[in-house]
Amino acid sequence: MVQYFPYLLLLMVAIMLLIMLANRLKVAYPILLVLGGLAISFIPNIPAITLNPDLVLIIFLPPLLYADVFSISLKEMWKWRRIIFSFAFIVVFITAAAVAWVANMVFPGFSLALGFLLGGVIGSTDAVSAAAIMNFVKVPKHISTIIESESLLNDASSLIVFRFAALVVTTGQLVWTDIALNFLWVVIAGSLIGLAIAWVMRKLHRFLPTDANMDIILTLIAPYIMHIIADELGASGVLAVVAGGMYMSLHLTSISIASTRNKGVAVWDILGFILNGLAFMLIGLALPEVLEGIEAEGMSLTTATSYGLLITGVVVGVRLLSSYGAVLITQIMKRFITVADERNPGTRVPLVLGWAGMRGVLSLAVALSIPLTLENGEPFPHRSLILYITFIVILATLLVQGLSLPALIRWAKFPDYEDHIPEAEAESLIRKSLAQAALDYMQKHYKEGITDSFLLQNQKDIWQYQLDMPKCNTTPEVRKKYVAILHHQREILRQLNKNPRIDEEQIRNFHRQLNLEEEKWEVWEG
């Protein structure tokens with residue numbers, strides 16, 4: 001592996017250049033990375049890096065899922081939970097069934113079990129591609145929440161379908177009672193394992209004498225521990241990471257060191273940038289291995305490509321129909337239950353939701369993880385064809401849907417749904433609430449000694465005070481009072497976040513400001 005190190009460095013340079021080009025062209029960077037990987041794979045004598053697919057899943061999946069959880073508003077996710085869970089689970093199962101039926105009817109020698117396995121491989125959508133596209137166009141908050149949250153959860157449902165289909169293909173046995181019990185174990189145990197490990201991690205952050213670097217290391221290893229333990233116990237590692245990540249996201253401020261919270265955001269941003277870049281580049285670089293498999297199977301490239309495009313059409317068509325079906329069902333059910341939004345979304349909202357179903361690196365990694373042989377030692381049937389079809393589905397959805405989605409969103413001309421208070425008004429409300437909370441807290445707890453410190457008396461004059469005074473009198477006691485006020489402001493932010501009309505992203509921005517302010521005094525005290 002050492003001989004490949006210069007090559008990996010060049011790949012990172014290529015990734016940075018392609019992402020900069022994508023930003024300049026206002027194109028989702030996963031598209032250019034996949035095309036860049038394809039172009040590199042055609043360079044003569046280029047080193048072929050073959051990664052163990054199991055390692056690809058364990059290296060890339062846990063941290064990317066964990067990071068995605070922290071970037072999603074759990075408040076918005078809960079508000080739109082019905083449609084999110086419908087897309088993340090029901091639509092995935094419908095897609096797998098449709099793919100299985102078509103593959104069984106059209107592909108020679110393709111059983112229903114193999115069809116469900118293929119459906120599980122390509123069942124999950126890619127949140128990174130959709131999020132990258134929505135950076136360049138204005139999308140209502142609830143639509144982006146639905147798309148990103150769905151992508152987070154359907155990774156688990158598609159892997160569950162794949163897991164059980166692979167079990168049937170490799171063993172040749174189908175016992176519905178065993179599958180039902182196993183399914184419950186995979187889902188329930190996976191979620192509980194993630195929550196339990198997250199609870200332990202939270203206690204470690206709280207009680208161990210760690211510093212910022214140690215706390216960040218704990219956050220880095222947490223998703224791997226969740227995934228590995230759940231997987232070893234036969235549960236869903238994906239659900240473990242998602243459930244554990246949600247728990248930690250809700251209790252993030254329990255990490256007492258502000259510098260940990262600030263540095264952790266930077267570390268995870270960089271890690272996500274590297275892993276996502278490498279993951280999409282590897283899709284393009286996988287082409288030679290995929291083509292070799294098709295040649296070994298004795299199938300013409302034209303036939304295999306036509307199969308891939310057919311399955312792509314099935315996947316896209318099912319998602320579009322499901323999107324309109326979800327809207328129709330919501331319009332019917334709102335007569336009987338309370339729904340998140342009783343307004344009629346029209347025809348354009350479900351069209352955008354249905355079209356935003358690009359596939360990504362998880363599908364390729366899962367396809368690569370298909371075993372080479374069955375339990376009896378025979379070659380796994382049609383493994384190379386499944387891998388090639390997966391590659392075509394990823395490429396076609398990224399290029400066709402990914403490139404056309406921005407234009408579709410602009411054409412849709414979404415109205416202002418007024419789900420949230422206008423940004424300027426919300427910012428003013430938050431600032432006034434925090435200022436009033438700080439003054440009330442000072443008046444209640446620190447009536448004496450406020451005028452003894454420039455910090456508590458007048459923040460506006462802090463820099464001039466430092467220049468004029470030979471020695472700063474911000475004693476440890478004063479710093480302790482100020483940090484206590486910041487903690488109280490953070491509690492007010494939690495209360496304000498319960499207001500459904502305040503965008504949680506603005507709450508997070510104020511959390512970061514408080515973290516920076518607290519870290520400044522931690523540094524002075526240290």
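This report describes the fold, core, aromatic pairs and salt bridges of a predicted model.

## Basis of the model

Local features in this predicted model require pLDDT of at least 70 and side-chain atom pairs count only at pLDDT 80 or more, while totals for chains, interfaces and linings use all residues. Residues are numbered from 1 along each chain as its sequence is written, and side-chain values use heavy atoms, with hydrogens and water left out.

## Overall architecture

The protein chain contains 22 helices and zero strands. Helices (H or I, at least four residues) and strands (E, at least two) are DSSP runs, numbered from the N terminus. Of the 526 residues, 52% count as buried; buried means under 20% relative accessible area, exposed over 50%, and partly exposed in between (1.4 Å probe, protein chains only).

The chain exposes about 25,500 Å², of which carbon and sulfur atoms supply 65%. Accessible areas come from the Shrake-Rupley method with a 1.4 Å probe, and for residues only the protein chains shown count as cover. Among contacts (heavy atoms within 4.5 Å) between residues at least 6 apart in sequence, 82% join residues at least 24 apart.

## Nonpolar cores

A nonpolar core is a set of buried Ala, Val, Leu, Ile, Met, Phe, Trp, Tyr and Cys residues joined through side-chain atoms within 4.5 Å. The largest core has 131 residues, and Leu117, Ile311 and Leu405 touch the most other members. Helix 17 (residues 383-412) provides the largest share of this core, 15 residues. A second, separate core of twelve residues includes Ile430, Leu486, Leu493 and Leu496. In soluble globular proteins, nonpolar side chains tend to be buried together.

Leaving aside neighbours within four places in sequence, Leu405 is in contact with Ile133, Val352, Trp355, Ala356 and Met358. Val352 and Trp355 are among the buried residues of helix 15, together with Val349, Pro350, Leu353 and Gly354. Helix 15 (residues 348-355) is mostly covered, with six of its eight residues buried. The cover over these buried residues includes helix 5, helix 8 (141-171), helix 14 and helix 17.

Tyr7 is located in helix 1 (residues 5-25) and counts as buried at 10% relative accessibility. Its C-alpha atom is separated by 9.0 Å from that of Ile46, which is 39 residues apart from Tyr7 along the chain.

Ser236 lies in the loop between helix 10 (212-232) and helix 11 (237-250). With a relative accessible area of 7%, Ser236 is buried. Not counting residues up to four places away in sequence, Ser236 touches Ala156, Val186, Gly190 and Ala230.

## Aromatic pairs and charges over rings

The structure holds five aromatic pairs. Rings of Phe, Tyr and Trp (its six-membered ring) pair if their centres lie within 6.5 Å; planes under 30 degrees apart count as stacked, over 60 as edge-to-face and the rest as tilted. The rings of Tyr66 and Phe70 form an edge-to-face pair because their planes are at 65°, with centres 5.2 Å apart. These residues are four apart in helix 3 (residues 53-71) and so are separated by about one helical turn. Tyr66 is buried at 3% relative accessible area, whereas Phe70 is partly exposed at 25%. The rings of Phe107 and Tyr307 have centres 4.2 Å apart and planes at 35°, so this pair is tilted. Phe107, in the loop between helix 5 (81-106) and helix 6 (112-121), and Tyr307, in helix 14 (residues 301-333), are 200 residues apart. Both Phe107 and Tyr307 are buried.

A charge sits over a ring if NZ of Lys or CZ of Arg is within 6 Å of the ring centre and within 35 degrees of the ring normal. The charged end of Arg81 sits over the ring of Trp78, 4.1 Å from its centre. Arg348 places its charged end over the ring of Trp411, 4.2 Å from the centre.

## Salt bridges

Four salt bridges are present, each a side-chain nitrogen of Lys or Arg within 4 Å of a carboxyl oxygen of Asp or Glu. Glu150 and Arg319 meet in one of them (2.7 Å, N to O). This pair links distant parts of the chain, with Glu150 in helix 8 and Arg319 in helix 14, 169 residues apart; both residues are buried.

Arg494 forms a salt bridge with Glu491, with the closest N and O atoms 2.2 Å apart. Arg494 is partly exposed at 29% relative accessible area, and Glu491 is partly exposed at 39%. Glu505 and Arg508 also meet in a salt bridge (3.9 Å, N to O). Salt bridges that share partners join Glu505, Arg508 and Arg512 into one network.
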